[in-house]
Amino acid sequence: MKNLEMARIFNEIADMLELQDENLFRIRAYRRAALNLESLGEDLEEVVRRDELRKIPGIGADLALKIKTFFETGRVDFYEKIKKKTPAVLLEMITIPGMGPKTAKLLYSKLKIRSIPDLEKKARAHKISGLPGIKDKTEENIIKGIEFIKKKKGRMLLSTAAYAANEVLERLKRLKEVKKISPAGSLRRQKETVRDIDILVISTKPAKVMKTFTALPQVKEVLAHGPTKSGILTKDDIQVDVRVMEKGSFGAALVYFTGSKAHNIRLRKLAIEKGLKVNEYGVFKGKREKRIAGKTEGEVYESLGLVYIPPELREDQGEIEAALEKRLPKLLELKDIKGDLHVHSDWSDGRYSIEGMAEAARKRGYEYIAITDHSKGLKIAGGLSNKERLKQIDEIHRINRRLKGIKVLAGAEVDIRDNGSLDYSDDILKKLDVVIAAVHSGFKQPGEKLTKRIVTAMKNRYVDIIAHPTGRLMGTRDAYQIDTEEVLKVAKDTDTAIEINAYPERLDLNDIGCRRAKELGVLLAISTDAHITEQFDNMRYGVGVARRGWLERRDVLNTLSWDKVRERLKAK
Ligand code: DGT
Ligand code: CA
C-alpha cells in the first residue's frame with residue numbers, strides 16, 4: 001500500500017511551503033489531504049483505479065492529479081521540484097520540538113547550519129543566544145529538543161517489543177513447518193528499549209515460513225522478502241525480522257543474533273586465539289573448517305572454553321572474563337519472587353479493591369503483597385489522610401483474618417516532602433508493616449537538594465524502601481539529577497532497600513544502578529507499583545533489569561518469605 005508514502009509526500013510539501021512562507025490555506029490543504037490519506041480505510045491504488053479520488057475529503061482536482069501521476073510514474077514532479085530548492089537540513093530542523101520555520105530559516109542563514117549535529121554544536125557553543133530575533137530560552141530549548149529526538153529515534157519500550165514479538169511468535173509457532181522459534185537481539189537480552197525485533201526459526205521449509213510471516217494480519221509493509229530472511233513493518237510501525245536456519249546452526253545463530261555486537265566481537269577474538277572460527281553457522285576448526293559446535297548455545301560457549309552466558313549478561317561488561325573463570329552469578333529468576341511490596345488499591349489511585357488485588361496476587365502464587373497507597377500530600381493521586389490511613393490499617397487486619405493463602409501487608413507510599421521530611425509522623429509509620437518513600441515533586445530541583453531529600457528520608461528508621469529512586473519516565477522525563485552513588489551508599493549505611501520499579505516506562509533503578517548497588521551491598525526490592533491487577537505481569541521486566549544488573553536471589557528482598565522480610569526490615 002502506498003497510502004502512507006503519499007501522505008508523507010504531501011506532508012513534506014506542506015513543510016517546504018511553510019519554509020517558503022507560502023499561503024496558509026495552501027499549506028493546510030496539503031496537511032489535511034495527508035491526514036485523510038493516512039486514515040483511508042483501503043488501498044489508495046484501488047481508489048485511483050476506480051477513478052474516485054475526488055471522493056476522498058480534502059482531495060480536489062489538483063491533488064487528485066498529483067496522486068494519479070504518482071501511481072503512473074512513481075513520482076510527483078511538484079514535490080521533486082521544490083525539494084531541489086529546499087535545503088534538506090531545514091526540513092530536518094523543523095522536526096525539532098519547538099523549532100518553527102522562522103527560527104529554522106534564521107539560524108540556517110545566519111549560522112550556516114549544515115546538519116543537526118552542527119546545529120547542536122553551535123547551540124552548545126552559545127552561538128545562538130544573542131542573535132537578533134532569537135528569544136533567550138531558544139538555545140536551551142534547541143539542545144533539549146535535539147536530545148529528545150536522539151533518544152526517541154526509533155526505540156520502543158521493552159514491553160512494547162515483547163508484546164509485538166509475542167503476536168508474531170504465537171502465529172508462527174502454529175505452523176507445523178516451524179520446529180523451533182526464539183526471539184533474539186536486544187529483546188532477548190531484556191534491554192530497556194529495543195530498536196527492532198529479531199526472531200530465529202528452525203525449519204526445513206523456509207519458503208513456507210517466509211510466506212506465512214510476510215502475510216500475517218499485523219503486517220503493514222513487507223520491507224524484504226527473501227528465501228530465508230524477511231522483514232516486515234507492523235501496523236504499529238514496528239520492524240520485525242525473521243530468519244530461518246537449519247538445525248545444526250540454531251545455537252550459533254542464536255548466539256550471533258542475540259548479540260550484543262560487542263559480546264560477539266569478543267567471542268570471535270577468543271575463537272581466533274584458539275585457532276577456531278565462529279560465525280552464525282557454527283564454530284569451525286582447522287583448514288578444512290570442520291564444524292565442532294553450532295546446534296545449541298551451550299555447545300558454542302563450551303567450545304570456546306566458556307560456561308553458558310545468559311542473554312541478559314551479553315554486553316561485554318565482564319561476562320566473558322567471568323565465564324572463563326567460572327564465576328558467573330546464578331541470576332535471579334521470576335519464580336524466585338515471593339511477593340510484591342508496592343501495590344495500589346482503590347483507596348488511592350488504584351482501580352481495584354484491596355481484596356481484588358490480593359486475590360489476583362494469590363492466583364499468581366505470591367505469598368504476600370503490600371498495599372502501599374499514597375500519602376496525604378499527594379492529593380492528585382487520592383492520598384490518604386492520617387485518619388484514613390489508620391482506618392485502612394484496621395481494614396487490612398480484618399481482611400487478613402478473612403483471606404486464605406495470601407498475606408496482605410499494611411504499607412504506604414509516603415511522599416518525601418520538599419525538606420526531606422515524611423508525609424506521616426512516626427507514630428503512624430510505626431504502625432505499618434512496610435514503608436516505602438518516594439519523591440513526587442520538585443523534579444527540576446538541583447541534584448544536591450534532591451539527593452539530600454532522599455538521604456534525609458532514608459535516615460528515618462521506619463523507611464524500608466526508596467521507590468523509583470531516579471524518577472525517570474522513559475520517553476517523557478529524564479532521571480532527576482540525583483547523586484546515585486551517594487544515595488546507594490546511604491542506603492547501605494542505613495539498611496534501606498532500593499526499589500527496582502517494574503513499570504516499563506520506569507525500570508528504575510536501572511541495570512547499571514543495580515550492578516553498583518550489588519557491589520556496595522545494597523538490598524533491592526523488585527516491585528510492580530501495580531494500579532490494576534494486569535500490571536502484576538510487569539514483574540518480569542523488573543526481573544529482567546535485575547538480571548542485567550547481575551543480581552542473584554540473595555540480592556533481592558522479595559525473594560524472602562514474609563517472616564524473613566520482616567526480620568530484615570526490623571533490623572533497621
Ligand atoms: P537494537 O538496536 O535494540 O535492535 O539492538 P540489537 O542488539 O537487537 O541489534 P540489531 O537488531 O542491530 O542486531 C541483532 C544482533 O545481530 C546484534 O545484537 C548482534 C548481531 N549483529 C548485528 N550486526 C552485527 C555486526 O556487525 N557484527 C556482529 N558481530 N554482530 C552483529
Ligand atoms: Ca534488534
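Predicted model: local features only at pLDDT ≥ 70, side-chain atom pairs only at ≥ 80, totals over all residues.
Trainee: What makes the phi of H468 worth a remark?

Mentor: Phi is positive there, about 20°. Yet H468 is not a glycine.

Trainee: What is omega for the peptide bond from D508 to L509?

Mentor: Near 10°, and that bond is cis. L509 lies in the loop between strand 16 (497-501) and helix 22 (511-520).

Trainee: Now the ligand. How many residues surround ligand 1?

Mentor: There are 16, and the closest are R155, S186, R189, R195 and R268. To count as near, a residue needs a heavy atom within 4 Å.

Trainee: What makes R155 a polar contact of ligand 1?

Mentor: Set the distance against the cut-off. A pair of N or O atoms must lie within 3.5 Å. An N or O atom in the R155 side chain is 2.8 Å from an oxygen atom of ligand 1. Therefore the pair qualifies.

Trainee: How do you know that D196 and T258 qualify too?

Mentor: Apply the 3.5 Å limit again. A side-chain N or O atom of D196 is 3.0 Å from a ligand 1 oxygen. T258 uses a backbone N or O atom, 3.4 Å from an oxygen of ligand 1. Both pairs are within the limit, so both count.

Trainee: How much of ligand 1 does the protein bury?

Mentor: Alone, ligand 1 exposes 590 Å², and the protein buries 76% of that. Ligand 1 sits in the second largest pocket.

Trainee: Why do you say ligand 1 lies between domains?

Mentor: Because domain 2 (156-245) and domain 3 (250-324) both give residues to its shell.

Trainee: Which helices each supply at least two shell residues?

Mentor: Helix 11 (185-188), helix 13 (250-258) and helix 14 (261-273).

Trainee: What classes make up the shell around ligand 1?

Mentor: Count 7 charged, 6 polar and 3 nonpolar residues. Arg falls in the charged class, and R155, R189, R195 and R268 are among the closest residues.

Technical notes
Residues numbered from 1 in each chain as written. Chains lettered and ligands numbered in written order. Heavy atoms only, no water. Polar contact = N/O pair within 3.5 Å; in protein donor to acceptor, adjacent residues only side chain to side chain. Areas by Shrake-Rupley, 256 points an atom, 1.4 Å probe, with all protein chains shown as cover. 1 Å grid on protein atoms, 1.4 Å probe; cavity = no way out; pocket = protein on both sides within 12 Å on 5 of 7 lines; lining within 4 Å. Sits in = over half its atoms within 2 Å of the grid points. Helix = DSSP H or I, 4+ residues; strand = E, 2+ residues; numbered from the N terminus. Domains from an automatic or database assignment.
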